[in-house]
Structures are given as C-alpha cells and as structure tokens.
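Q: Could you walk me through this structure, one feature at a time? I would like to learn how to read each one.

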Amino acid sequence: MKYLYSIIFLSCCFCTAFAQKEFKVSGKGNIDVAFTYNDPSSYFSFPKEKCLPMQVVNHNFSQEFREENGINNLSSAAVRLRAWTVMGDLMMTPIFTYSLNKEYLKGEKEIVGFNIISKYKDLVKRYNAVRPISFSAVVGMGLNPEDKMQFGAYAFFNIKSNDVIISAQEKMPYAAPTSYTWGEMMIMVEGDYAERYSFRIPAAFSPSDEGKDKLAKAISKTERIATFSWAKIDNVQVRARYPTTGNIYIQIKWPLLEIDKIYELYKKYESGEEKPPSEEIDEEVKNKNISTYNKDDEWSQAVQAPVSITLDKDFNNTVTEEGVIKISGNVTGPKSLIKEGKIIAEGYEQTFSIDESGNFTAQLVLKSGINNIKVTVQQKELPQKITLSREPVDLRATLTWNTSGSDIDLYITDPDGFVCNYQNKTTSNMQLDVDNTRAFGPENIYVTKVKKGNYNIAVENYSNAVGTEATVYVFVNEQLKKVHKVIFTSARQRINIGTYSF
C-alpha cells in the first residue's frame, strides 16, 4: 500500500501571515489547544482564541520531512490536544478531525477531480469514502511563555497513530484519556543551546520516565500557552524566544491505490470499456422485471423501478352521501412487488390485494366532512380528496386486519343490550355499513346518536384465522379516540376491545 505524508508547521518567525499567539488555559495545569488548517469552524467547535493556525512550510530536516505533501487531500483540518497530570502521570486525549478536499484527491499516480467524476454516482461514493489510513503528529508549544527562569519551557508532545481519534467532518467525538510514560510522549527544551533550532520528530521520543518530576511540574504549573517560550541555557542564561522553526509536524497516510482506482474506473466508463453500475441496473430492471437491483459492488447505487396507479373512477374533489365507497383500479410496475397496496384514510389505514393483472378493489370508510385519502403502492402515492355530505355521528368503530382469505367480524352492544353485527346490521341507532368477508377489511359500525350508558366493542375470528392481528379504530364525534390491536390465538375466538361510556 502506498501512502502520502504531510509536514505542516505553525507559522512563526518565517511567516508574517500569522502572528505569534498566546492565551490563558481554562484551568491551571489543563492544556487544551487546537492546531487548525484553513477553517474547520463549520464542523469543529472550539474557542477561536485557543486555535493556532497552521500553514505548510518546506524544511529540509531529513528525508522523512521531504515526503510529498498529503495535506492537499484535505480542505481543512484540526488537531486538538488535551494534556494534564494525575498523581504525577501524564494523561493525553488527542483528536484529529478533517474535511475532505472536494476539488481533487491526489493518489500515487493520478489526480482525481471531483467535478470530472461526479457524473457517476458510484465514483462519487468511492471519492467520499476516502479516509486517512492513519494519523500521527508532534506538536510543539510554549508553556508559561513569559516565565524566563522558573517554569517556562518549550514542550513537544508526541501523538501516536494508535492513540488518536480520527473524525471525518463530524462533531468532535469523546476520547478516553490514556496514560503514558513521559519520555515517549513529551520532550521539554530548556537546556541545550545547540538544540534551539531543532524540531523534534517521532524518533526523538523514547519510553522512559527520566525527568518525570520536572515534566510533571511544567504541566501542572502551566497557566498560559503560546507559539513560543523562553528557555534556559545551563540553568543560568536566558535565551531568546523558542522556536524559530515550525510548531507542528503531521504525518497522514492515504490509500493512494484506491484513489488511483477511482480515476481508472472513470477512464473505463468514458471509453466504454466498462459500464457504470447505473447503466447495468437500468438493463437488469428492464430485462428481469424487478423493482430494485443492486450490483454486487458496495459502490453501486440501488434504484427503484417506477410504479403507476390508475383509478377506474377519480374521486378527487368529489362530494358523496355514501359513508362507504368502492375504490378500484390498476397498478403497473414490477409484478414481484405490487401484490398489495394500502389506503391511508382519515384516522385509519387499510391494506388491499392486487391480482396478477395489477387490478384491485377496496372499500373506503369516510368520516363526515372532508377526507384526505392516499392510495399507495410501494413508494407511489395517489391523493384523493373526498367530502362526505352527512351529519357527524357520535360513535364509530372501523375494523381492519392483516391477513388475506380471512373473515373477522365487528360487534357493538349498546346500553340496552342491542347488538349490531353481520347478523343484525341495523338497529334503532346503529348500523353496520360494510361487512368484509375476504381480506384485510374494513368493517364499520356507526352510532348516529348515542344513548346514556356503556357501548361495548368486540371482534370475532369468524374464519379461524389464528395469528391474525385485528386493529379497531374508535372515533368519538368523528375524532379518533383510540386504536386497539389484538391477535387471535384460537378459532372462533371473540375478544372484547373496550367499553365507551356516554
């Protein structure tokens, strides 16, 4: 696997674009600082006064520093470091968050322009899925920068790839603190005059607790952080502000071969050597009469074949005096997935069957006044606005169920003991206006003017459809009061739904 590396330096003496910066920490001994590249503020929430801007600077320290600059694959980024001590041990939580460059990505051999490949959805998905393989860094900062003699020092912190949290343009994740030996994570420059221009790279750190007390004290006494610091020479002389080179070294590894592959696929699509998944999908949907198709490739885009609904009679913007109307029509589309549809009515839903020719018939219960209805099959919706010109009723119960070839019956018993059901469809003030004996429902009983007392509602498994779930929607004064759901566990089982008092 090939990678790209980045060497980034916080501008100091060599760049006038960013001034030297200094700020007070939120609490003594609590280091919390962010190094930012370009402007990550849209996804990186952090106080601007504690952000140290970065820019790329060329330095010739070693071959490791002269690797090609992989920062170009980012449009912006931020490195946040928290460091503190607990009982003399160093604790750190490093986080790296970034936004991918949406102009181009650089691979090992190719440069992939986003606008060029954006006509192919699978290539856009590949592009957006590119992530750094790993991230590591060394960040430098001045601790107590104006303290020339006692606790002032310039410190380098080593951020190792296994310890950093990487986040792609998201809210900053929580990072659990980890304890380390001091020598592998922190170096403090304060004594050797010859080292004043030397930037520390990862190889300079070693697992050791040598100088632990001095390092722990430097952090625990930290009240201010800056891009510079005074440093002592031989514990006597005080030399000028440190450093005159960069403040942060970053190493990012990218999956270069995968980036190159995006451009290679683009060239094959353009030349006709290979078909993009979208074209393959269109052919498969057409030839196999299926609704959805996924190429055996995680980058392809699933598609939905079109579904069309046609009604034998258009009820939209019509007025009727019938409380139950018949809706019928035809559905065209992939036969494998248009076996059932659904009517979403005012306050309730019901399913209907579609035969092999795409034909369907359903009965629809209306409430008094305006009814906004949707006939739906898969994702296709056909709206209908129907007005029932009838006085509102006091009580109504509408029954639907979830199985075909089954017959579920609805019962309402009034305060005087009169029962309204399929055997007795009309009483003095109750009426069963639809009795479905085949599948899904509906059945509907309404009470024009209720009597004082209790109305008991029940359902019965007339066709022995064990396992069927029945749903009863209860309306009071044409407003949905409650939805009851029951499952039949035995043949000819009758279940009391509820009692409504008036």
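Q: Is D414 buried or exposed?

A: A word on the source before that: this is a predicted model, in which local features need pLDDT of at least 70 and side-chain atom pairs count only at pLDDT 80 or more, while totals for chains, interfaces and linings use all residues. Residues are numbered from 1 along each chain as its sequence is written, and side-chain values use heavy atoms, leaving out hydrogens and water. Now the terms: buried means under 20% relative accessible area, exposed over 50%, and partly exposed in between, with a 1.4 Å probe and protein chains only. D414 has a relative accessible area of 3%, so this residue is buried.

Q: Where is D414 found, and which side chain does the side chain of D414 make a polar contact with?

A: D414 sits in the loop between strand 28 (408-413) and strand 29 (419-420). Helices (H or I, at least four residues) and strands (E, at least two) are DSSP runs numbered from the N terminus. A polar contact is a pair of N or O atoms within 3.5 Å; within protein, one must be able to donate a hydrogen and the other to accept it, and residues adjacent in sequence count only if both atoms are side-chain atoms. Here the D414 side chain pairs with the side chain of K451 at 3.0 Å, and the D414 side chain also reaches the backbone nitrogen of D416 at 2.9 Å.

Q: How do I read a pair of aromatic rings, and how many aromatic pairs does the structure hold?

A: A ring pair is described by the distance of the centres and the angle of the planes. Rings of Phe, Tyr and Trp (its six-membered ring) pair if their centres lie within 6.5 Å; planes under 30 degrees apart count as stacked, over 60 as edge-to-face and the rest as tilted. The structure holds 11 such pairs. In one of them, Y120 and Y266 have ring centres 6.2 Å apart and planes at 65 degrees, so they are edge-to-face. This pair joins distant parts of the chain, 146 residues apart: Y120 is in the loop between helix 1 (114-117) and helix 2 (121-128), and Y266 is in helix 5 (residues 256-271). Y120 is buried at 10% relative accessibility, and Y266 is buried at 14%. Together with Y263 and Y269, they form one aromatic cluster.

Q: Which residues in helix 5 are buried?

A: An α-helix has 3.6 residues a turn, so residues three or four places apart point the same way. In helix 5 the buried residues are L256, I259, D260, I262, L265, Y266 and Y269. After helix 5 comes G272, with a positive phi near 85 degrees.

Q: How many residues does the largest nonpolar core have?

A: A nonpolar core is a set of buried Ala, Val, Leu, Ile, Met, Phe, Trp, Tyr and Cys residues joined through side-chain atoms within 4.5 Å. The largest one has 58 residues, and M141, F157 and M186 have the most contacts inside it. Helix 5 gives the largest share of this core, 6 residues. Apart from it lies another core of 27 residues, including V331 and F360.

Q: What does R82 lie over?

A: A charge sits over a ring if NZ of Lys or CZ of Arg is within 6 Å of the ring centre and within 35 degrees of the ring normal. R82 lies over the face of W84, 4.5 Å from the ring centre. R82 belongs to strand 4 (residues 74-86) and is partly exposed, at 27% relative accessible area.
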